[in-house]
Amino acid sequence: MWNMAASSKVVGERDQIRSHSLHRTKVKNIQPVLKTRNRKLPRNQHVLRSHSKKDSIRDDLQNAIFTENQHLLKKMLDIDLKPSKLNPIKLHAAKPQLKSLNRESRIRGLVKIQEENQFLLRKL
């Protein structure tokens, strides 16, 4: 029909409607090439739906990660609980008190500044 030209718009639309309805009836009455009426339908394969191999691989990976995390946690606890010379609590306690060499001069300077401030305050 693609090589036929319609004489008018109405005739073209009518031909198109007729060809479409003919196509619809052919599609509705189509017969399969293989006869499946007497054959058994394939049974459901739940293995394909369950993805058991994929799930087992994922579970194995999660178990491996869990065991590795447990191992690392145990190592961290051993490190934290083991007595060490580098323990921060012991380092802080053993830290010698540093004495400033110019402490007295700073105190004298502060006392002098406070006296000057008091003198200025009395003037006001």
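Let's start with Leu 73, which sits in helix α3 (residues 52-81); helices here are DSSP runs of H or I with at least four residues, numbered from the N terminus. This is a predicted model, where local features need pLDDT of at least 70, side-chain atom pairs count only at pLDDT 80 or more, and totals for chains, interfaces and linings use all residues. Residues are numbered from 1 along each chain as its sequence is written, and side-chain values use heavy atoms, leaving out hydrogens and water.

Leu 73 has 43% relative accessibility, so it counts as partly exposed (buried is under 20% relative accessible area, exposed is over 50%, and partly exposed is in between, with a 1.4 Å probe and protein chains only). Together with Met 76, Leu 77 and Leu 81, Leu 73 makes a nonpolar surface patch of about 430 Å². Patch residues have over 30% relative accessible area and no salt bridge, and nonpolar side chains (Val, Leu, Ile, Met, Phe, Trp, Tyr) are joined within 5 Å, like charges within 9 Å.

## Two salt bridges

How many salt bridges does a search of the whole structure find? It turns up 2, a salt bridge being a side-chain nitrogen of Lys or Arg within 4 Å of a carboxyl oxygen of Asp or Glu.

One pairs Asp 15 with Arg 18, with the closest N and O atoms 3.2 Å apart. These two are 3 residues apart in helix α1 (residues 9-28), so about one helical turn separates them. Asp 15 is partly exposed at 28%, and Arg 18 is partly exposed at 49%.

Over in helix α3, Asp 55 and Arg 58 are also 3 residues apart, about one helical turn. Their closest N and O atoms are 3.4 Å apart in the salt bridge.

Key: Accessible areas come from the Shrake-Rupley method with a 1.4 Å probe; for residues, only the protein chains shown count as cover.
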